[in-house]
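Please examine the sequence and structure below before reading the notes on aromatic pairs and the nonpolar core.

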Amino acid sequence: MSARPPVARPWWIVTAREISVKLRDRSFLLSTVVTVLLVAVSIGASALFGGRATDHVLATAAPEAAPVTARAAQALSEDGDDTLTVHAAPSPDAARRAVAEETADAALLRGLDGWTVVGKDGVDPALARVLDRAVTEATLAANARAAGTTAEELTEGAEVRTELLAGGQDRGPARLLMGFVFAFLFYLAAILFGMAIANSVLEEKQNRVVEILATAVPVRQLLYGKVLGNSLLAFGQIGVYAAVGLLGVNVTGVAADVGWILAASGWFVAFFVAGFAAQASVWAVLGSLASRSEDLQTSTGPILSVLIGALLVGLYAEGAWLTAASFVPVVSSVAMPVRMLDGGVAWWQPVLSLAVALAAAWVLLRLGERIYQRAVFQGGRSLTWREAARLEQ
């Protein structure tokens with residue numbers, strides 16, 4: 001009987017098997033659907049509550065309030081869809097009663113020493129902000145007229161601009177939100193799919209399935225297939241979340257300008273690929289070194305520490321610390337995209353950082369291959385990296 005010809009691209013067969021098993025896993029599918037729904041609902045809620053117009057009712061008891069309320073109404077319309085309705089009260093006490101009886105949201109009163117905004121339990125921040133600005137502008141204009149000049153001449157040269165020494169722009173809350181999204185997505189995907197790789201290897205080792213597979217597929221090809229299969233699943237899941245998010249913000253109009261987010265998101269995908277590839281083989285090795293699930297739980301401490309560090313860097317690191325972290329493999333998967341959110345990063349920096357991350361992924365894959373081939377057939381007790389490296393292949 002002639003020998004069976006070798007299987008072409010055995011690593012691809014293992015990859016397809018990993019993907020097929022995962023796509024039939026109800027918990028994986030359910031978690032993906034739930035996360036997609038959460039993304040869609042959060043964007044919809046932001047659009048619903050963030051875009052809802054508010055009609056502020058303001059009671060006044062001073063004729064001098066007309067220029068102030070006109071400026072405030074204009075500011076509200078320019079900042080959003082809010083409106084301002086002004087009710088003239090016969091006296092300051094009547095204006096205060098209107099606030100107390102909740103027929104007015106606030107009252108604007110003029111005293112000998114300036115203006116007072118009266119609220120019951122509080123004043124809406126948006127209304128308080130525009131009233132403060134309107135009072136300042138109206139008072140400045142009145143004083144300028146009395147001095148025989150204009151407000152523009154008095155304030156000439158008083159503009160304040162923000163300049164960041166590190167370059168880029170200060171995009172405020174949107175930047176912080178996207179930084180959190182990048183950090184959390186990488187951490188969550190790394191934990192979920194990394195543990196999936198380790199548990200899969202451990203299960204095959206405990207059931208001795210790996211010995212059967214090794215008769216048809218070279219052991220190193222098993223590793224390649226597992227790493228590639230779970231990596232593709234992780235990339236696909238992140239891609240689905242990103243597509244739903246970008247579609248949502250465009251449909252709802254939550255983000256008027258998403259160009260800077262798209263650019264940073266593209267780099268995040270690239271760094272996610274490199275960062276996950278760098279750690280995927282480590283997860284596979286951890287599964288091969290363990291003999292029980294309890295061993296796996298205790299041996300994942302170092303890699304979990306790295307992932308938690310990446311999460312904290314994405315959330316809190318700034319300045320030189322963030323710049324340094326953006327060139328550290330795995331951590332750079334979060335740090336560099338977060339830097340890109342601010343802009344002003346020279347083109348060669350993400351290219352160099354990505355090259356370093358890919359090089360680290362290659363080194364870890366080759367190192368993991370050596371350990372995996374020696375440890376995956378050793379049952380009965382857990383092994384350390386050093387013990388597995390000393391075993392004969």
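Phe 180 and Phe 184 lie four residues apart in helix 7, so about one helical turn separates them. The model is predicted: local features need pLDDT of at least 70 and side-chain atom pairs pLDDT 80 or more, while totals for chains, interfaces and linings use all residues. Residues are numbered from 1 along each chain as its sequence is written, and side-chain values use heavy atoms, leaving out hydrogens and water. Helices are DSSP runs (H or I, at least four residues), numbered from the N terminus.

**Aromatic pairs**
- Rings of Phe, Tyr and Trp (its six-membered ring) pair if their centres lie within 6.5 Å; planes under 30 degrees apart count as stacked, over 60 as edge-to-face and the rest as tilted.
- The whole structure contains eleven aromatic pairs.
- Phe 180 and Phe 184 are stacked, because their ring centres are 5.8 Å apart and their planes are at 10°.
- Phe 180 is partly exposed at 41% relative accessibility (buried means under 20% relative accessible area, exposed over 50%, partly exposed in between; 1.4 Å probe, protein chains only).
- Phe 184 is also partly exposed, at 37%.
- Phe 182 and Phe 268 are stacked, with centres 4.6 Å apart and planes at 10°.
- This pair links helix 7 to helix 10 across 86 residues.
- Phe 182 is buried at 3%, and Phe 268 is buried at 4%.

**Nonpolar core**
- A nonpolar core is a set of buried Ala, Val, Leu, Ile, Met, Phe, Trp, Tyr and Cys residues joined through side-chain atoms within 4.5 Å.
- In the largest core, of 71 residues, Phe 272, Trp 283 and Tyr 372 touch the most other members.
- Helix 10 supplies the largest share of this core, 15 residues.

Notes:
Helix = DSSP H or I, 4+ residues; strand = E, 2+ residues; numbered from the N terminus.
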